[in-house]
Amino acid sequence: MTAQITIGHESSGKPVEFDIEELLATRLLVQGNSGSGKSHLLRRLLEESAGMVQQVVIDPEGDFPSLADKFGHVVIDGAAYSPPEIEALARRIREHRASVVLDLDGLEVEQQIRCAAQFLTALFDAPREHWYPALVVVDEAQMFAPAAAGEMAEDTRRMTLSAMTNLMCRGRKRGLAGVVATQRLAKLAKNVAAEASNFLMGRTFLDIDMIRAADLLGMERRQAERIRELQRGHFLALGPAITRVPQAVKIGPVKTGHTVRSEGLMALPDTAPEDMAALLTTDLASEVAKAPPPPAPPAPRIDEMEDSIAHAEERQVAAPEPIDTSAVATRIAEIIAELAGEEGIAFQSASAQYQTFLTRCRRERLIGPMPDMRGFRRRFAVAGAGLSELEEAVQARIMQLAGTVEEDLLGPFLVIAKAAHAGETQVDEHALARAYGTSSPGRIRRLLDHLERQGLVVVREDFGGDRTIMVPGLEPLTQG
């Protein structure tokens, strides 16, 4: 079986071929603004390789179910299945090597993201004996691997980033070859985009996206304007599966797709305004009355009610013994203290610190109440400042004064407060910089100015440049 497909043609008419075997090993990134032809390109790739390799398509917009008509893909409606069923479907897909389209069009955006993340994770976690080669195409990948936190819940963002990172970074050894398409490179997580070795860059207009695309294609930045001038359906290609030098390609025609969608203008109806108003407003009440009422929840069966009553009585008779979580809480505190003492951890972002903490807890199989992001940051700041070395009354007083301090400034404030309690008028600059996660003297100076404007500290600087820092409210404790 040949592994070459024709994806399109050069301006001279010479065909541009795609090596599917090489693609399975090196992955693909497609970028282009809305209307540049990304979906057309993905459809061409899927149609031409349909008989060569298993295909799994994550489709948030409902663009690809038509593949089922000519190529036998199984269309899975993500809205019709529960999360455990989605995971079971993914395992069966890998076992039976089925080509499928996961249609997420019927779900809200955050539900789409969670459904796709669970589906991809289950594909990734399939048993080793089912690691058959498969193309995993993710359209609108900036939704599933966002470069920055958006409006989605933090746990959803961590889940989907983990799933997409596994697909692009570790999926190759499990037979999964990621093909991701995005409207904007700037919105796609860099660790996901960086794992692709093949690129097809379509028309884009923003400077930041053009520059990133030109960098990935190995072009000089002054040549980035070429990307802005690309026509619809034209892409610049580069990668071991396509070409070793940047090459312009016009994507070839497809056999499936939406036939009802009109890309051009249509003549408007010539209905008179009063007739159009009548069409829109007449008998609205009767149409609303005809709408079916929402389905009532199913009535519980008699045997289910009896079981529920029996279980409730059992719970009342024999209440479960409370679970002792003190050992888990102690170990969590120890892990936070160990992290706070590590060199370099303070210079990482808060989200990276929290992710490291969760990873260590999972590694030790700690089961129990975990601190959320906000709680972790406060406990990390307390541990980094060494407040545990002080008496409980002093700790309580310092934390009371720190009640109005922003989370990202809590660590350095606690370092200052501890030094002030000890009677030290000059704070260790190295400890302050470490707590703030910076090595810039300018940032330290601006930090102290900000804390002073908030009324949290008092800073005095002598002619020699030495700073004296005091914390209002700690003087009585220091004197005592």
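Helices here are DSSP runs of H or I with at least four residues, strands are runs of E with at least two, and both are numbered from the N terminus. This is a predicted model, in which local features need pLDDT of at least 70, side-chain atom pairs count only at pLDDT 80 or more, and totals for chains, interfaces and linings use all residues. Residues are numbered from 1 along each chain as its sequence is written, and side-chain values use heavy atoms, with hydrogens and water left out.

**Figure 1. The protein as a whole has 21 helices and 13 strands.** Out of 480 residues, 41% count as buried; buried means under 20% relative accessible area, exposed means over 50%, and partly exposed is in between (1.4 Å probe, protein chains only). Take the contacts (heavy atoms within 4.5 Å) with a separation of 6 or more: 68% of them come from residues 24 or more positions apart.

**Figure 2. Tyr354, Phe357, Phe376 and Phe380 make up one aromatic cluster.** Rings of Phe, Tyr and Trp (its six-membered ring) pair if their centres lie within 6.5 Å; planes under 30 degrees apart are stacked, over 60 edge-to-face, and the rest tilted. The count by this rule is four aromatic pairs. In one of them, the ring centres of tyrosine 354 and phenylalanine 376 are 5.4 Å apart with the planes at 55°, so this pair is tilted. Tyrosine 354 sits in helix 15 (residues 350-363) and phenylalanine 376 in helix 16 (residues 373-385), so the pair ties together parts that are 22 residues apart in sequence. Both tyrosine 354 and phenylalanine 376 are buried.

**Figure 3. Phenylalanine 376 also forms a tilted pair with phenylalanine 380.** Here the rings are 5.7 Å centre to centre, with 35° between the planes. Both residues belong to helix 16 and are four residues apart, about one turn of the helix. An α-helix has 3.6 residues a turn, so residues three or four places apart point the same way. Phenylalanine 376 has a relative accessible area of 0%, so it is buried; phenylalanine 380, at 11%, is buried too.

**Figure 4. Two arginines sit over aromatic rings, arginine 97 over tyrosine 132 and arginine 174 over phenylalanine 124.** The rule asks for NZ of Lys or CZ of Arg within 6 Å of the ring centre and within 35 degrees of the ring normal. Arginine 97 is 5.0 Å from the ring centre of tyrosine 132. For arginine 174, the charged end is 4.0 Å from the centre of the phenylalanine 124 ring.

**Figure 5. Helix 4 (residues 83-96) packs against helix 5 (residues 109-124).** Their axes are 8 Å apart, at an angle of about 35°; axes are lines fitted to C-alpha atoms, for helices over the stretch in contact, and angles run from 0 to 180 degrees between N-to-C directions. Among the residues making the contact are Ile86, Ala90 and Ile93 of helix 4, and Cys115, Phe119 and Leu123 of helix 5. Cysteine 115 has a relative accessibility of 8%, so it counts as buried.

**Figure 6. Proline 246 lies in strand 11 (residues 243-251).** At 35% relative accessibility, this proline counts as partly exposed. Leucine 236 is ten residues away in sequence and 6.3 Å away in space, C-alpha to C-alpha. Leaving out residues up to four places away in sequence, proline 246 touches Leu217, Met219, Ala237 and Leu238.
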